[in-house]
Amino acid sequence: MTRTLLIFLALLPFCIYSQNNKKEIDSLNSKASRYIHIDLDSSFLYAEKAIQRAQKEHYKKGEMEGHYQKGRTLFDQARRTLSRKSGDSSLAIAKDINSYIGKRKALNLIVKIQNHSKQYDEGIKTARKNLELAKSEKDSSQMALMTNFLGIFKNKLGEKDSALYFTMQSIKINKKLNAQKALAYNYNSLGIHHYENRNLDSSFFYFRTALKIRTDLKLPNQSIEAYNNIGYVFLLEKMPDSAIIYFQECIQICLEYGKKSNLAIAYKNIADAYELINNHKLALSALRKAIPINDSLIGIKQKEQIISEQKQRNNELIILQVYDKEQKKKQYVIIILLVFILFSTILFLKKRKQRAIEKLYEKEKINAAKIIIEEQEKIREEIAQELHDGVGGSLAGIKMSLSNLQNKSKCSNLLLEIDNIENTYQEIRNISHNLMPVYFNTEKFKDTVNNYLNRILPNLEIGICFQCYPEIEISELSYNKKIYVYRIIQELATNIQRHAYATNVNIHLTGHQNHLTIMAEDNGIGFDKKKVKRGIGLNNIKRRVTIYDGKMKIDSKEGNGTTIIIDIPYEKS
């Protein structure tokens with residue numbers, strides 16, 4: 001137990017250190033996900049750092065998420081080969097640790113890459129695999145997404161009926177989930193399907209439905225795409241007036257949200273629409289607005305590239321500085337923990353040693369007490385034998401000689417002395433019996449005590465009551481425990497007989513969970529504890545109680561009797 005505790009204390013700082021590292025890796029992945037909408041270079045940097053740290057710490061979940069975030073960033077940078085490599089790495093780890101969320105994310109990324117890379121057959125296989133996985137986990141939103149992708153792939157392969165079926169299945173699921181954003185993609189797919197089948201009314205209906213959802217949800221990027229797509233379809237259908245309305249809406253949102261790349265495309269498209277209605281002036285004006293935007297975008301891209309490279313270097317320095325500070329903090333924490341563990345271990349071992357000494361002391365004390373009791377019993381037996389055979393025999397001989405002398409001399413004084421010798425002989429006989437060893441083999445402990453009390457108080461007018469509870473359990477105590485309790489009751493009864501002048505005596509022996517209680521009550525003359533010194537009897541009781549760390553309480557007043565309560569711990573007795 002102690003060894004286990006020490007190992008635990010030794011490993012505690014490293015567990016805390018490892019846990020903190022995992023939190024930092026999760027934080028890096030979270031930043032990578034957030035920066036993908038702000039700065040792709042920073043997002044890539046955070047994901048790369050997360051992967052490196054996770055590999056060092058053998059944190060598979062963090063490494064899996066890092067590869068996924070890196071793949072997303074590379075995809076948005078149109079670096080699809082590298083993005084696919086990161087997606088495959090994330091998927092492999094997800095399978096290794098059996099993470100459904102990890103597998104779902106990685107497969108979603110791979111499906112998107114296959115769509116943009118025109119790998120439609122491979123995309124269908126991946127989408128079906130992801131769909132089966134989603135079904136096993138009862139993930140409805142994922143099922144809808146993969147079904148929609150199957151519709152997209154089938155449509156691009158020219159399988160129009162299959163494409164329509166999968167799109168409708170996706171719509172059915174998204175309607176149950178009330179997933180409006182996903183429904184907008186479904187309706188956009190339906191719009192494309194009906195346009196390719198020359199169902200223009202249905203096509204525009206679904207395009208406009210998708211547009212309404214996106215504008216209601218305030219999704220500027222998707223709304224720009226929807227306005228531009230509808231306008232472009234009108235343009236292809238030689239309906240320039242309608243196309244111009246949608247291109248103008250598209251331009252308005254681009255200006256509102258600063259979407260310069262989309263704005264350049266919208267100006268070029270509206271210029272084509274103006275050309276169809278022979279409004280060359282407005283067409284030229286739109287082109288003039290598009291050209292500087294394109295030029296500025298080229299300049300911006302070059303400038304952004306320079307800034308991005310500088311920002312990447314700055315971010316690397318900042319991350320390294322933060323990492324160094326955090327490492328120093330961790331080192332300080334580990335040092336403090338190790339010092340604390342060292343002092344705790346020393347204190348623990350010191351207390352353990354102290355407890356061991358105390359246990360040894362208690363054991364030796366109990367052994368010494370047992371030896372004392374055994375020796376006392378031997379001595380008592382020897383004294384009892386000597387009193388009975390020696391002194392008792394001598395007194396019996398003296399009494400017989402005096403009786404013979406009295407018979408001859410008929411002296412009355414000799415009769416008085418013979419009676420005194422008889423009384424002395426009986427007293428020595430009682431003392432001898434009290435000193436003899438007690439055996440509990442053939443009778444219950446309660447019966448043994450009652451026999452003793454009846455023997456020492458045979459002719460005295462004292463009402464004595466001895467109660468023992470629980471009787472069976474007390475009778476089953478070890479011999480040493482019973483002889484110890486018996487001798488205390490013996491001393492108490494002898495004291496009452498000699499000094500109390502009582503008419504009623506109650507002695508109770510009660511076994512509790514952890515200790516025995518002896519209570520002796522009498523209605524005798526009592527005494528003042530402050531005035532009367534303890535005699536041999538009370539001192540003998542006190543010594544016996546002290547040997548076993550028991551407690552004795554005496555309650556007595558002159559004229560009000562005496563109550564003595566003794567508590568003896570089981571483990572000490």
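# Aromatic pairs, a helix pair and loops

With a relative accessibility of 49%, Tyr 165 counts as partly exposed, because that class lies between buried, under 20% relative accessible area, and exposed, over 50% (1.4 Å probe, protein chains only). The model is a predicted one, in which local features need pLDDT of at least 70 and side-chain atom pairs count only at pLDDT 80 or more, while totals for chains, interfaces and linings use all residues. Residues are numbered from 1 along each chain as its sequence is written, and side-chain values use heavy atoms, with hydrogens and water left out.

Phe 166, at 11% relative accessibility, counts as buried. The structure holds nine aromatic pairs, where rings of Phe, Tyr and Trp (its six-membered ring) pair if their centres lie within 6.5 Å, and where planes under 30 degrees apart count as stacked, over 60 as edge-to-face and the rest as tilted. One of the nine pairs joins Tyr 165 and Phe 166, whose ring centres are 5.3 Å apart and whose planes stand at 70°, so this pair is edge-to-face. Phe 204 and Phe 234, by contrast, form a stacked pair, with 4.1 Å from centre to centre and 15° between the planes. Because Phe 204 lies in helix H10 (residues 200–216) and Phe 234 in helix H11 (residues 220–236), the pair ties together parts that are 30 residues apart in sequence; helices (H or I, at least four residues) and strands (E, at least two) are DSSP runs, numbered from the N terminus. Both Phe 204 and Phe 234 are buried, and together with Tyr 227 and Tyr 246 they form one aromatic cluster.

We turn next to a pair of helices. The axes of helix H2 (residues 40–57) and helix H3 (residues 60–76) come within 8 Å and cross at roughly 155°, which makes H2 roughly antiparallel to H3, a description that applies to angles over 145 degrees. The crossing of H2 and H3 is left-handed, meaning that the near helix is turned anticlockwise from the far one by less than a right angle. On the H2 side the contact (heavy atoms within 4.5 Å) is made by residues including Leu 40, Phe 44, Ala 47, Ile 51 and Gln 55, and on the H3 side by residues including Gly 62, Gly 66, His 67, Lys 70 and Leu 74. The residues of this contact divide into six nonpolar, seven polar and four charged.

Several loops also deserve a look. His 58 sits in the loop between H2 and H3, and this residue has a positive phi of about 55° although it is not a glycine; its relative accessibility of 70% makes it exposed. A positive phi, near 60°, is also found at Asn 278, again a residue other than glycine, which belongs to the loop between helix H13 (260–276) and helix H14 (280–409) and is exposed, with a relative accessible area of 57%. In the loop between strand E1 (463–469) and helix H17 (471–475) lies Pro 470, which is joined to Tyr 469 by a cis peptide bond with omega of about -5°. Finally, Ala 179, in the loop between helix H8 (160–177) and helix H9 (180–196), is partly exposed, with a relative accessible area of 22%, and its C-alpha lies 9.6 Å from that of Ala 144, a residue 35 positions away in sequence.

Key. Axes are lines fitted to C-alpha atoms, for helices over the stretch in contact, and angles run from 0 to 180 degrees between N-to-C directions. Angles under 35 degrees count as roughly parallel, over 145 as roughly antiparallel, 65 to 115 as roughly perpendicular and the rest as oblique. Ala, Val, Leu, Ile, Met, Phe, Trp, Tyr, Cys and Pro count as nonpolar, Asp, Glu, Lys and Arg as charged, and the others, Gly among them, as polar.
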